Protein chains: 2
Amino acid sequence: MSTVSEVSEQDWELWRDYFRGGRELVAALDKRLQGDAGISHPEYLLMLSLWEAAEHSLRTGELAEELSWEKSRVSHQVARMEARGLVERRECETDARGVWVVLTADGSRLLLRATRDHTDAIRAWFFDLMSDDEKRVLGAVAQRMRENLGTVCASVPLRRRRSQATPPKVCA
Amino acid sequence: MSTVSEVSEQDWELWRDYFRGGRELVAALDKRLQGDAGISHPEYLLMLSLWEAAEHSLRTGELAEELSWEKSRVSHQVARMEARGLVERRECETDARGVWVVLTADGSRLLLRATRDHTDAIRAWFFDLMSDDEKRVLGAVAQRMRENLGTVCASVPLRRRRSQATPPKVCA
DNA sequence: AAGATTTAGTTGACGTGTCACGCTAACACA
DNA sequence: TGTGTTAGCGTGACACGTCAACTAAATCTT
């Protein structure tokens with residue numbers, strides 16, 4: 001067991017392509033969002049979560065759970081976005097520790113402007129490249145990976161807690 | 001064409017799992033490296049490239065090409081790693097603009113210490129989760145993705161320019 | 001050989017992401 | 001009622017990563 005060469009050259013090739021492919025795809029999506037709407041991918045994701053929530057607002061912790069981010073990360077990101085006017089922080093009436101993060105009108109506008117192109121990009125650079133069979137395989141493997149890693153937070157996130165009358169059904 | 005809902009719920013599920021799975025896997029690998037050898041994944045990758053090169057040294061630009069990183073990124077990373085004593089910068093005799101980046105003894109030690117566990121982790125969290133058929137599919141899709149995105153630098157990197165007497169054959 | 005251009009590499013500013021720590025409010029319970 | 005614990009969030013430091021601007025050496029041009 002476990003001479004390094006146990007992993008075949010082919011396998012390393014696969015790993016390389018998987019690893020770099022992921023990075024390159026996300027980088028490309030990010031660049032596209034920047035160009036189209038002037039927002040980053042993390043900003044898009046955060047605003048999307050808010051958009052999909054009741055009143056376009058969520059508590060910091062809910063946001064973290066929704067995005068599978070650390071709360072600290074959410075805090076930093078919200079701070080930057082608040083400075084840009086994309087979201088607002090509001091005190092929580094029922095829990096003085098709590099904070100509501102609310103999508104602003106500007107935020108909504110940008111989100112909606114971005115969504116179409118972003119979705120098209122994901123389709124063109126991801127979905128359209130695969131047959132249905134390949135999608136099944138990829139999905140199965142990805143799920144398996146997450147479950148396997150999935151000690152703590154990884155197993156949870158099968159979207160629940162939705163609301164709103166059919167907002168743009170997008171994930172990325 | 002291109003109502004957002006063109007993308008099925010299943011497809012979004014796939015995208016989510018693929019997207020987060022990748023992030024989580026890399027995060028897990030990084031954490032493992034930190035714990036085992038006290039180095040980050042980028043540090044590991046950079047040192048591995050050096051290790052595999054003649055004299056354990058490469059020019060900044062070669063390093064960038066090898067890793068598919070921007071030169072600026074290499075520069076920053078090397079600066080941090082030089083401060084930690086993992087690599088050294090050395091003037092280039094034949095081209096006064098050039099810089100050789102050389103793996104130090106400390107760097108080598110850490111790299112070697114890290115390699116075994118890192119490889120095991122990749123095997124356990126990636127390779128072992130897939131059948132050979134699934135590997136083929138994943139590899140094909142990843143390659144297709146990179147080629148599709150692959151305007152500029154994406155098409156190049158099929159490892160060339162190897163040297164050295166069989167160093168740890170690892171990629172990640 | 002003078003001047004323009006290209007190439008190698010660095011730097012600073014800034015967004016992203018994690019970790020360790022700290023703070024206050026809510027809560028449990030003696 | 002006080003006291004210890006936990007939950008919700010923020011902050012500062014630092015690593016990662018990109019972009020635009022920069023320096024200086026090499027190279028090309030005429």
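A rotation of 180° with 0.0 Å of shift along its axis superposes chain A on chain B, with an RMSD of 0.1 Å. That is the relation of a two-fold axis, and the same surface serves both copies, since 98% of the contact residues of chain A recur in chain B. It should be kept in mind throughout that this is a predicted model.

With the two chains placed, the reader can turn to DNA strand D. There are 24 residues around DNA strand D, and those that come nearest are A:Arg23, A:His76, A:Arg89, B:Ser40 and B:Arg73.

The side chain of A:Arg97 has an N or O atom that is 3.2 Å from a base nitrogen of DNA strand D. In chain B it is a polar backbone atom of B:Ala96 that is 3.1 Å from a phosphate oxygen of DNA strand D. The elements that give two or more residues to the surface near DNA strand D are α1 (9-37), α3 (60-67) and α4 (71-84) of chain A, together with α4 (71-84) of chain B. The largest share of that surface, five residues, comes from α4(B). Sorted by class, the surface near DNA strand D has 11 charged residues, 10 polar residues and three nonpolar residues.

A:His56, which lies in the loop between α2 (41-52) and β1 (57-59) of chain A, has a phi near 50°, a positive value in a residue other than glycine. In chain B, the residue B:Ser68 is found in the loop between α3 (60-67) and α4, and although B:Ser68 is not a glycine, its phi is positive, at about 55°. Is B:Ser68 buried, partly exposed or exposed? Its relative accessible area is 27%, so B:Ser68 counts as partly exposed, a class that runs between the limits of 20% and 50%.

Conventions. Residues numbered from 1 in each chain as written. Chains lettered and ligands numbered in written order. Predicted model: local features only at pLDDT ≥ 70, side-chain atom pairs only at ≥ 80, totals over all residues. Heavy atoms only, no water. Near = heavy atom within 4 Å. Polar contact = N/O pair within 3.5 Å; in protein donor to acceptor, adjacent residues only side chain to side chain. Helix = DSSP H or I, 4+ residues; strand = E, 2+ residues; numbered from the N terminus. Nonpolar A, V, L, I, M, F, W, Y, C, P; charged D, E, K, R; others polar. Buried < 20%, exposed > 50% of the residue type's maximum accessible area, 1.4 Å probe, protein only. Least-squares fit on C-alpha atoms with pLDDT ≥ 70 in both. Contact = heavy atoms within 4.5 Å.
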